[in-house]
Amino acid sequence: MTSTLSRPSASSPSRFPSSLRFQATRQPSSTRCRIGDFRIVDPPFAIPQEQLFTFLVGIFARAAVAQGEHTSFESARALYAKLFDRFGCSPTQLSSRFTYTEDFLLPPEEWKVFDPEDPLSLGGWSRRREAFKRFTEKIFNELFSGQRVKPSNLLHVTCTAYESPSAPQLLASSQGWNSTTVTQVYHHGCHASVPALRVASGLVAGAMAQGRPEEAMVDVVHTELHTLHADPVRRTPDQIVGHSLFGDGVVAYKMWSPEAPNRGSRRSFELLATHEYIIPETSDLMQWSIVNSGMHMILDKAIPDRIADHVNTFVHDLYERAGLLKSRDFPDSLLAIHPGGPRILDKVRDALNVTEERMAWSRRILFDRGNLSSATAPHMWADILSDDSILSGTLVTTIVFGPGLTAAGAILRVI
């Protein structure tokens with residue numbers, strides 16, 4: 001279902017620490033792109049981390065027996081239970097994850113997406129792609145069907161499956177929105193929220209430059225359905241780490257020109273700058289590839305250290321692009337750091353020399369939902385914007401990471 005914006009839960013930072021002072025550093029420019037009207041879509045099933053571990057241990061054990069690595073399901077299950085306890089993200093750091101795939105709650109004979117007769121690929125890429133198509137069509141219909149005014153621009157962001165025509169194209173066709181422009185930002189990975197801002201702001205600026213202000217609004221939708229890609233074939237520690245982190249995340253929001261007649265919500269962000277940087281000699285550390293069994297991720301244990309080596313210089317350059325000074329403006333900013341995992345958050349915190357309380361939004365999204373890939377930062381933005389204790393003029397420093405190894409960031413200002 002689609003949830004309206006609400007304040008963070010009682011366990012999350014309902015008011016940001018009083019020790020942090022949020023002040024506007026300069027008057028906002030009226031021409032900068034705005035971001036707002038967030039809608040978080042909660043997938044239908046929420047699974048406690050312990051229960052998800054039980055499912056994953058089971059499919060790993062069945063695959064190990066099928067490949068002849070174990071003679072009994074019980075011995076294989078005992079081994080992988082120990083490995084998930086050792087390498088997986090602990091339930092004390094990640095409590096539950098959302099999913100569109102009901103199979104995690106069902107015995108194998110009742111699975112609806114995965115194939116219980118195929119213990120190695122669980123039905124392969126085709127079944128996962130078909131499920132992604134079905135789920136995303138439903139998501140776009142729930143978000144937009146019945147809308148009186150057609151969207152000028154639909155921008156779809158995902159890295160978890162692809163179909164052509166895509167869900168937004170099928171929606172536009174079914175609704176008679178033949179002049180709606182559909183743009184697809186696919187396969188960037190976890191840092192795609194920043195390319196999405198860059199592309200959407202370009203569409204807004206282009207409409208204004210061409211004298212079509214009525215088209216200077218973009219509806220952005222992230223559909224990241226990572227739990228479709230449970231992969232029992234590769235059972236190495238880095239695969240256990242990945243399987244223990246990612247959940248399904250769906251969020252929609254609007255970007256528009258303040259000079260356009262069709263404006264979004266009163267409370268919004270102003271986009272000051274974006275920046276992307278490929279960290280040298282890291283291309284093999286993080287990978288996300290389509291294989292026969294679905295999608296395959298590589299997460300090297302060196303990732304947190306390499307990020308920490310470069311994050312200070314990256315933030316300095318990001319602030320410079322916004323016309324700000326890191327030394328002056330960063331200490332009072334609110335942080336939205338992509339929770340690629342607990343160790344990445346720890347390393348970024350220490351490298352930037354910030355307190356744990358400034359990591360509160362990142363810790364909360366990881367604990368409540370897991371790593372949502374490109375949808376993670378927009379979930380944090382939605383929570384931040386819904387908190388009335390965060391005053392206008394507050395800077396929000398967003399830093400996200402993805403394959404490349406890419407660091408990407410955005411400076412937003414609450415207005």
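Trainee: In this predicted model, how far is the sulfur of Cys159 from the closest cysteine sulfur?

Mentor: The closest cysteine sulfur to that of Cys159 belongs to Cys190. A disulfide requires two cysteine sulfur atoms within 2.5 Å. The separation is too far for a bond, because the sulfur of Cys159 lies from that of Cys190 at 6.3 Å.

Trainee: Which cysteine holds the sulfur closest to that of Cys89?

Mentor: The sulfur of Cys89 is 14 Å from its closest cysteine sulfur, which is too far for a bond. The residue that carries this closest sulfur is Cys190.

Trainee: How many disulfides does a search of the whole structure find?

Mentor: The sulfur of Cys89 is too far for a bond with the closest cysteine sulfur, and the sulfur of Cys159 is likewise too far from its closest one. For the whole structure, the number of disulfides found by the search is 0.

Trainee: Is Cys159 buried or exposed?

Mentor: A residue counts as buried when its relative accessible area is under 20%. Cys159 has a relative accessible area of 1%, and therefore Cys159 is buried.

Trainee: Is Thr227 buried or exposed, given its place in a loop?

Mentor: Thr227 sits in the loop between strand S7 (217-225) and helix H6 (237-243). Leaving aside residues up to four places away in sequence, Thr227 touches residues including Phe98, Tyr100, Phe104, Phe114 and Phe246. Its relative accessibility is 7%, so Thr227 counts as buried.

Trainee: Is helix H9 roughly parallel or antiparallel to helix H10?

Mentor: The axes of H9 (residues 342-352) and H10 (residues 360-369) come within 11 Å and cross at roughly 175°. Angles over 145 degrees count as roughly antiparallel. H9 is therefore, relative to H10, roughly antiparallel.

Trainee: How many residues of the contact of H9 with H10 are charged?

Mentor: H9 contributes Pro342, Leu345, Asp346 and Arg349, while H10 contributes Ser362, Arg363 and Leu366. These residues of the contact divide into 3 nonpolar and 1 polar, and the number that are charged is 3.

Trainee: Is the crossing of H10 and H11 left-handed or right-handed?

Mentor: The contact is made by Trp361, Ser362, Ile365 and Arg369 of H10 together with Thr376, His379, Met380, Asp383 and Ile384 of H11. The crossing in which H10 passes H11 is right-handed.

Technical notes. Residues are numbered from 1 along each chain as its sequence is written. This is a predicted model: local features need pLDDT of at least 70, side-chain atom pairs count only at pLDDT 80 or more; totals for chains, interfaces and linings use all residues. Side-chain values use heavy atoms; hydrogens and water are left out. Axes are lines fitted to C-alpha atoms, for helices over the stretch in contact, and angles run from 0 to 180 degrees between N-to-C directions. Helices (H or I, at least four residues) and strands (E, at least two) are DSSP runs, numbered from the N terminus. Angles under 35 degrees count as roughly parallel, over 145 as roughly antiparallel, 65 to 115 as roughly perpendicular and the rest as oblique. Contact means heavy atoms within 4.5 Å. Ala, Val, Leu, Ile, Met, Phe, Trp, Tyr, Cys and Pro count as nonpolar, Asp, Glu, Lys and Arg as charged, and the others, Gly among them, as polar. A crossing is left-handed if the near helix is turned anticlockwise from the far one by less than a right angle, and right-handed if clockwise. Buried means under 20% relative accessible area, exposed over 50%, partly exposed in between (1.4 Å probe, protein chains only).
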